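Biologist: I'm new to this one and would like a close look at how its charged side chains pair up. Could you walk me through it slowly?

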Amino acid sequence: LGTVGYAGWCLWPRWRWGIAADLRAALPCPSDQRVCLSFDDGPTPGLTDQILALLRQHGVQATFFVLTHKARRCPDLVRRIAAEGHGLGLHGEDHRVALFRSASDLQASLQRARDELSAIVGQPITLFRPSHGWKNRALLQAVRRVGLRLVFWDYGVWDTDAPPPSVLRKRLYWATPQGPRTDRPPTVLLHDGRDDRL
């Protein structure tokens, strides 16, 4: 593979080759949705609840990948995500990336985070999205040992720069397949938080 190839594989979420099928998961998506919406870095009071209200208003389902230190501060928001029928996955204890961390360190962190999030929501947690989508061999080992499955994304819409709604709509439009749905819809990355900050 080489150093450059391995570095590209680590850093680019769309490169999934070499990851065993049983370590990857596709997000659930109702048959009438053209994209699988997913949100990272929450929950965030005043933002996640507004997103949930909009999703309910439009009858749209999404999956939220939460940071446990934020979930601990906002357990009611986490429970609301699940109660309203959305998917819930782990984004980690914090927003550190997997690079330069050992498999044992990653395993311990993922185990703690998964157990805490499961306790908060009262249901098993099986999905995990690594910070920034970065991965390495140590992460794959840790994910397997903990019994999680990886979820990446197909398109990001760069919403962390807080674009005006008109710009965000255009970005979402270009990530959305047009015409009848014939295959698994793409997974789109959005955010209901900013890294480690509430």
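Predicted model: local features only at pLDDT ≥ 70, side-chain atom pairs only at ≥ 80, totals over all residues.

Modeller: A search of the whole structure turns up 12 salt bridges, so let's go through a few of the others. As a bit of background, side chains of opposite charge can pair when their charged atoms come close.

Take D22 and R144, whose side chains meet in a salt bridge at 2.9 Å, N to O. D22 sits in the loop between α1 and β1 while R144 belongs to helix α6, so this pair ties together parts that are 122 residues apart in sequence. Both ends are partly exposed: D22 has a relative accessible area of 45%, and R144 has 44%. A20 is in that loop too, between α1 (2-11) and β1 (36-42). A20 lies 124 residues from R144 in sequence, yet their C-alpha atoms are 10.0 Å apart in space. With a relative accessible area of 32%, A20 is also partly exposed.

Just after α6 comes G147, with a positive phi of about 85°.

Now for D40 and R129, whose side chains form a salt bridge at 2.8 Å, N to O. This pair also links distant parts of the chain, with D40 in strand β1 and R129 in the loop between β4 (127-128) and α6, 89 residues apart. Here the two ends are buried: D40 has a relative accessible area of 3%, and R129 comes out at 0%.

β1 and β7 run parallel and are joined by 5 bridges, with C36 standing opposite T187 in β7. Strand β7 (residues 187-191) has 5 of its 5 residues buried.

One more pair to finish: R171 forms a salt bridge with D161, the closest N and O atoms being 3.4 Å apart. R171 is in helix α7 (residues 165-175) and D161 in the loop between β6 and α7, 10 residues apart. Both are partly exposed, R171 at 26% relative accessibility and D161 at 49%.

Conventions. Residues numbered from 1 in each chain as written. Heavy atoms only, no water. Helix = DSSP H or I, 4+ residues; strand = E, 2+ residues; numbered from the N terminus. Buried < 20%, exposed > 50% of the residue type's maximum accessible area, 1.4 Å probe, protein only. Pairing = 2+ DSSP bridges. Salt bridge = Lys/Arg side-chain N within 4 Å of Asp/Glu carboxyl O.
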